[in-house]
Amino acid sequence: MKGKTITKRPLPKESGNSTRQETFCLSKSKKNRQEWEKVEDYSLEWNSPYAQTIFRIVREFDFYKKRGVWR
């Protein structure tokens with residue numbers, strides 16, 4: 001499907017390195033333009049990259065949802 005591709009692949013393991021990262025690709029489309037603009041706004045407000053901003057939004061959403069603030 002055009003505009004809905006998410007690719008996730010692990011990075012190669014390095015010997016002696018205990019941390020392992022994964023990469024993913026997130027596509028922007030016309031359907032989610034407004035949401036992407038919100039991510040860009042928060043990214044500028046928090047002075048953080050897009051990936052870090054997205055994960056912070058998810059963490060905060062989860063925090064409020066578990067406390068019953070978000071239904």
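The 17 residues of helix α2 should span 24 Å at 1.5 Å a residue, and the end C-alpha atoms lie 24 Å apart, which agrees; the expected span is taken as 1.5 Å times one less than the number of residues. The structure is a predicted model, in which local features require a pLDDT of at least 70 and side-chain atom pairs count only at pLDDT 80 or more, whereas totals for chains, interfaces and linings use all residues. Residues are numbered from 1 along each chain as its sequence is written, and side-chain values use heavy atoms, with hydrogens and water left out.

The chain contains 2 helices and 2 strands, arranged from the N terminus in the order β-β-α-α. Helices (H or I, at least four residues) and strands (E, at least two) are DSSP runs, numbered from the N terminus. The mean pLDDT, the predictor's confidence in each residue on a scale from 0 to 100, is 80 for the chain, and 69% of the residues score at least 70. Confidence is highest in helix α1 (residues 33–46), at a mean of 94, and lowest in strand β1 (residues 6–10), at 58. Where pLDDT is low, the predicted coordinates should not be read in detail.

Of the 71 residues in the chain, 8% count as buried; the term denotes under 20% relative accessible area, with exposed being over 50% and partly exposed in between (1.4 Å probe, protein chains only). Among contacts (heavy atoms within 4.5 Å) with a separation of 6 or more, 11% are accounted for by residues 24 or more positions apart.

Within helix α2 (residues 50–66) lies Thr53, which counts as buried because its relative accessibility is 0%. Beyond its neighbours within four places in sequence, Thr53 is in contact with Val39, Tyr42, Ser43, Trp46 and Ser48.

The model holds 2 salt bridges, each defined by a side-chain nitrogen of Lys or Arg within 4 Å of a carboxyl oxygen of Asp or Glu. In one of them, Glu60 pairs with Arg56, the closest N and O atoms being 2.9 Å apart. Glu60 and Arg56 are 4 residues apart in helix α2, and are therefore separated by about one helical turn. Glu60 is partly exposed at 31% relative accessibility, and Arg56 is partly exposed at 31%. A salt bridge also joins Lys66 to Asp62, with the closest N and O atoms 3.2 Å apart; both residues lie in helix α2, 4 residues apart, about one turn of the helix. Lys66 is exposed at 63% relative accessible area, while Asp62 is partly exposed at 33%. An α-helix has 3.6 residues a turn, so residues three or four places apart point the same way. Just after α2, Gly68 adopts a positive phi of about 80°.

A search of the whole structure finds 4 aromatic pairs. Phe24 and Phe55 form an edge-to-face pair, because their ring centres are 5.9 Å apart and their planes stand at 90°. Phe24 lies in strand β2 (residues 22–26) and Phe55 in helix α2, so this pair ties together parts 31 residues apart in sequence. Rings of Phe, Tyr and Trp (its six-membered ring) pair if their centres lie within 6.5 Å; planes under 30 degrees apart count as stacked, over 60 as edge-to-face and the rest as tilted. Phe24 is partly exposed at 42% relative accessible area, and Phe55 is partly exposed at 43%.
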